[in-house]
Amino acid sequence: MKNQILKIVKIGGNVINNEDALRSFLKDFAALEGPKILVHGGGRKASEVSAAMGLEPKMINGRRVTDEATVEVVTMVYAGLLNKKIIANLQSFGCNAMGLSGADANCILAHKRIVKDIDYGFAGDVDAINSEIIGVLIKNNVTPVFCAITHDKNGQLLNTNADTIASEVAIGMSNLYKTELNFVFELKGVLEDIEDKNSVIEQINSEKYEQLVVKGVIADGMLPKMHNCFNSLEKGVDKVKIGDASLVKSSTKLYTTLSL
Ligand SMILES: Nc1ncnc2c1ncn2[C@@H]1O[C@H](COP(=O)(O)OP(=O)(O)O)[C@@H](O)[C@H]1O
Ligand SMILES: CC(=O)N[C@@H](CCC(=O)OP(=O)(O)O)C(=O)O
């Protein structure tokens, strides 16, 4: 099967929060030929729902501090509302999708994120991807759709950055398939100047990446996204691209390609 290309596409919270943009993206994703996996975030919606419930959203270095009440909210938002809404839309476009958290069929095993001096609470770092069971779904023409929830096999659900899930799933699946990872967000790619939406940097290798970080061109959510891109290339993913929703239709030539 190593001659087949598996596409892993990740969509972020800003696309998900726009009803029309989401539906249009899902229509294009459904039409994508060949084996594919969708990974979705939803950070914006989770922050809105948390705030409405009187919980103040708190992010550190692009990751959500997830206390006991917040892990319940993110599970309801990611694994419930958003995942099922996405599945229903994909079904409407003829794509036989199945919505999954990392706990379902033990697809994504994680452990509580431990970082010196920062308590992220119930945030998870990925340990293992069950490529065998995911492969069985794909071979049976079922498209897996993962949300940003994993588990630790001791009954604890964990909130895991959706970019990290996408890159770990791509790495895990590269023992079975050639893998291409696409990060879809609201901009056309990684920008040289954040104020100029067309200033897309078309090629970034690891050397250029370091220069861009030092110059302060890459910041906020783009920092963990790029880190995940290079991590996946180092661990066997064949191709990584960052761009807007037209990336999936291959109707644009303007996007960022990452290389080592
Ligand atoms: N050089 C850059 N090019 C593009 N986006 C950048 C750059 N530096 C920082 N960003 C920020 O990173 C954000 C993308 O990260 P994030 O919000 O985590 O994406 P997602 O929508 O996939 O969750 C962009 O919305 C933008 O504000
Ligand atoms: C631990 C952690 O930070 N989890 C993320 C998961 C969702 C996500 O990554 O959503 P976007 O892709 O829309 O940003 C969060 O709760 O925001």
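This is a predicted model: local features need pLDDT of at least 70, side-chain atom pairs count only at pLDDT 80 or more; totals for chains, interfaces and linings use all residues.
Asp-220 sits in the loop between α7 (206-215) and α8, and its phi is near 50°, a positive value in a residue other than glycine. I wrote beside this that most residues other than glycine have a negative phi.

Is Asn-141 buried or exposed? I count Asn-141 as exposed, because 9 C-beta neighbours lie inside 10 Å.

**Ligand 1.** I listed the surroundings of ligand 1 and found 17 residues, of which Gly-12, Phe-185, Leu-191, Gly-221 and Met-222 are the closest. The elements giving two or more residues to this shell are α1 (13-16) and α8 (222-234). By residue class, the shell around ligand 1 divides into 9 nonpolar, 6 polar and 2 charged. I also recorded that α8 is the helix at one end of the loop holding Asp-220.

**Ligand 2.** Around ligand 2 I found 15 residues, with Gly-13, Gly-41, Gly-43, Ala-148 and Ala-162 coming nearest. Here α3 (43-52) and β4 (63-64) each supply at least two residues of the shell. The division for ligand 2 is 5 nonpolar, 8 polar and 2 charged.

**Helix α4.** I checked the length of α4, residues 68-92, against what its residue count leads one to expect: at 1.5 Å a residue, its 25 residues should span 36 Å, and the end C-alpha atoms are 35 Å apart, so the two agree. I did find a kink in α4, of about 35° and centred on Asn-83. After α4 comes Gly-94, where phi is positive, near 80°.

**The sheet.** I traced an open sheet of 8 strands with mixed pairing, in the order β5-β8-β2-β1-β11-β13-β14-β12. Which strands are at the edges of this sheet? They are β5 (97-100) and β12 (203-204), each of which pairs on one side only. I followed β12 to its partner β14 (residues 256-258) and found that the two run parallel and are joined by 2 bridges. In this pair, Gln-203 stands opposite Thr-257 of β14. As a reminder to myself, strands of a sheet pair through backbone hydrogen bonds, either parallel or antiparallel.

I next looked at Lys-239, which lies in strand β13 (residues 239-243). Lys-239 is partly exposed, because 17 other C-beta atoms lie within 10 Å. From Lys-239 to Ser-250, 11 residues apart along the chain, I read a C-alpha separation of 14 Å.

**Record.** Last, I consulted UniProt, where an unreviewed entry places the feature "domain: Aspartate/glutamate/uridylate kinase" at residues 7-243. In the model, the end C-alpha atoms of residues 7-243 lie 14 Å apart, and I noted that the span is 41% helix and 22% strand.

Definitions and conventions: Residues are numbered from 1 along each chain as its sequence is written. Chains are lettered from A and ligands numbered from 1 in the order in which they are written. UniProt positions are given in the numbering used here, feature names are shortened, and annotations may be inferred rather than shown by experiment. Helices (H or I, at least four residues) and strands (E, at least two) are DSSP runs, numbered from the N terminus. A residue is near a molecule or strand if its C-beta atom, placed from the backbone, lies within 6 Å of it. Ala, Val, Leu, Ile, Met, Phe, Trp, Tyr, Cys and Pro count as nonpolar, Asp, Glu, Lys and Arg as charged, and the others, Gly among them, as polar. A residue is buried if 20 or more other C-beta atoms lie within 10 Å of its own, exposed if 12 or fewer, and partly exposed in between; C-beta atoms are placed from the backbone. The expected span of a helix is 1.5 Å times one less than its number of residues. The bend at a residue is the angle between axes fitted to the seven residues ending there and the seven starting there. Two strands pair if DSSP finds at least two bridges between them.
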